[in-house]
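Subject: Structure for you to look at

Hello,

Here is the structure I said I would pass on. Please open it next to this message and follow along as you read.

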Amino acid sequence: AAYKSKSGSDLLLGANAPFACPCQFTAEMPLNRRVLPQQAISQLEALPMVANFILSNHESIFVYKEVSESIFYMQLEWVKLDESDEEFKHNPHQISLRVYGIEVPGHSIKIDLVRMLRRKMMNLPLDALSSVLQKNSSFSLTSSDMQFVRGFAKQLKDIEGDPEPVLANVQHYYLPTIVQDPTVLLLMFRQNIFGSTFIMKLHHELEEELENKLDEDFLFYFNSSPSKLDPSYQSSTTLTSRGRIFARQAGSGIAFIQVSVEGEGRQSAGPISLDAPLSHRDFTLAEKNNGHLRVKVEVINTTTDASVIHKWVALSLSQ
C-alpha cells in the first residue's frame, strides 16, 4: 500500500526504487539520423519479442525469461550524443537497451535480442529513405544517406556475425559490334527504364569531383515504392507486364545501380556497313567476350533481390 502512488517504473528503476535489480548488461546501438528517437523506440517496442512481454502497468518495461529460468526486466531508451562525438554527424542519437536482474543474461539476450533490435534499426532508415524518394524522385541524398546505403550489406553482415567480406555485385554485358556509340544506347536505356517509375536517376550531394561524368549520368536507384513519372525523362509509363513481375520479385528496399562502359573508344568509329544481312544476334547483348565494348552494371544492394534487378537492367538494355 505504501507504493500505490508510484508508477511501475518508479518501483523498478532508479537509485531509490525499492524493487530495483542491478543493471547486468547494456547495449548501445547507433540510430540513423533519418529516424526520430521516440519513433525508433515505438517501433522496437512493437516487435513481437518485445511487445508480448511489456508489462501493462510498467511504462516501457518488458520482462524475459531465459532457458536457464533466470528472469530479467529491460528497458529501451534513447540518448543524444555529444556534438563533439565523431559519430554525431551520421548518427546523433543512440538507442540503449538496459537489462536488469540478479544474474548476468545469456546468449538469448546479449546476442539474439540485440541482433533482432539492430536489424530492425537498420530497416527503419531504409523505410524512411524509401518514403522520401517515393514522394520526390529528385530528392538529393546526403553523404550520410549514401554512406548508409553503400555500407548496408557490410553492417548487416556484422550484425549477423558473418565474417565473409561483401563481394561486388557486378554483371558485364558485351555490346554487339553494330553498336559504335554506346552513349546513345545508354541514353535510350535511361529514358526507357525511368518510365518504369521503380528505377530513377540518383541525385546526391557530391563530396568530390567525379572523374567520369558519364558514370554519374548513369547512376540510378531502385525503390520498391515507385515514384511519379519524371516528365524531363519520360512522359508516359514504360512499365510492362514483365517489369511488374520484376518489381514484385525484387522485394522491398533500395538499391543503387551504376551503369558504365568499359573498353576502347566511346564514340563512333565510322558508318555501319549493311552489305551483309543482319540477324537477331547482331542486336543482342552477349555475356561472353566478343572483343567489343562492354557495359558494366553494379548493384549496391540493401534488402532487395539484386539478381532480379540485374535481369531488369539487362532486359531494358536489350530493348
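Leaving aside its neighbours within four places in sequence, which residues is isoleucine 257 in contact with? Before the reply, please note that this is a predicted model. Isoleucine 257 is in contact with Ile199, Phe218, Leu219, Phe220, Phe222, Val297, Glu298, Ile309 and Val313.

**The cores**

Isoleucine 257 belongs to the largest nonpolar core, which has 33 residues. Together with Phe222 and Val259, Ile257 touches the most other members. At least two residues of this core come from each of α7 (182–194), β9 (219–223), α9 (241–250), β10 (254–262), β11 (294–301) and α10. The most is given by α10, with seven residues. There is also a second, separate core of 25 residues, and Phe25, Leu44, Ile95 and Val99 are among them.

**Helix α10**

Helix α10 covers residues 306–318, which makes 13 residues. From its first C-alpha to its last, α10 reaches 18 Å, close to the 18 Å expected at 1.5 Å a residue. The buried residues in α10 are Ala306, Val308, Ile309, His310, Trp312, Val313, Ala314, Ser316 and Leu317. Here is a general point to keep in mind when you look at a helix. An α-helix has 3.6 residues a turn, so residues three or four places apart point the same way.

**The four-stranded sheet**

Next, find the open sheet of four strands, whose order is β1-β4-β3-β2 with antiparallel pairing. Why is one side of β1 and of β2 left without a neighbour in the sheet? Both β1 (23–31) and β2 stand at the edges with a single partner strand each, so one side of each has no neighbour there. From one strand to the next, the twist averages 25°.

The pairs can be taken in turn:

- β1 and strand β4 (residues 93–100) are antiparallel and pair over eight bridges. The bridge partner of alanine 27 is leucine 97 in β4.
- β3 and β4 also run antiparallel, joined by eight bridges. Tyrosine 73 stands opposite tyrosine 100 in β4.
- β2 and β3 pair over five bridges, again in the antiparallel sense. Their hairpin has five residues between the strands, and glutamate 69 takes a positive phi near 80° in this hairpin.

In sequence, isoleucine 61 and glutamine 75 are 14 residues apart, while in space they are 5.0 Å apart, C-alpha to C-alpha. Is isoleucine 61 buried or exposed? Isoleucine 61 counts as buried because its relative accessible area is 0%, and buried means under 20%.

Helix α2 (residues 37–45) lies across β1, β3 (71–80) and β4, and runs at about 160° to β3. Helix α4 (residues 107–135) lies across β1, β2, β3 and β4, and its angle to β1 is about 20°.

**Cysteines**

How many disulfides does the structure hold? The number is zero. Cysteine 21 is partly exposed, with a relative accessible area of 22%. Cysteine 23 also counts as partly exposed, at 37% relative accessibility.

Regards

How values were computed:
Residues are numbered from 1 along each chain as its sequence is written. This is a predicted model: local features need pLDDT of at least 70, side-chain atom pairs count only at pLDDT 80 or more; totals for chains, interfaces and linings use all residues. Side-chain values use heavy atoms; hydrogens and water are left out. The expected span of a helix is 1.5 Å times one less than its number of residues. Buried means under 20% relative accessible area, exposed over 50%, partly exposed in between (1.4 Å probe, protein chains only). Two strands pair if DSSP finds at least two bridges between them. Axes are lines fitted to C-alpha atoms, for helices over the stretch in contact, and angles run from 0 to 180 degrees between N-to-C directions. Contact means heavy atoms within 4.5 Å. A nonpolar core is a set of buried Ala, Val, Leu, Ile, Met, Phe, Trp, Tyr and Cys residues joined through side-chain atoms within 4.5 Å. A disulfide is a pair of cysteine sulfur atoms within 2.5 Å.
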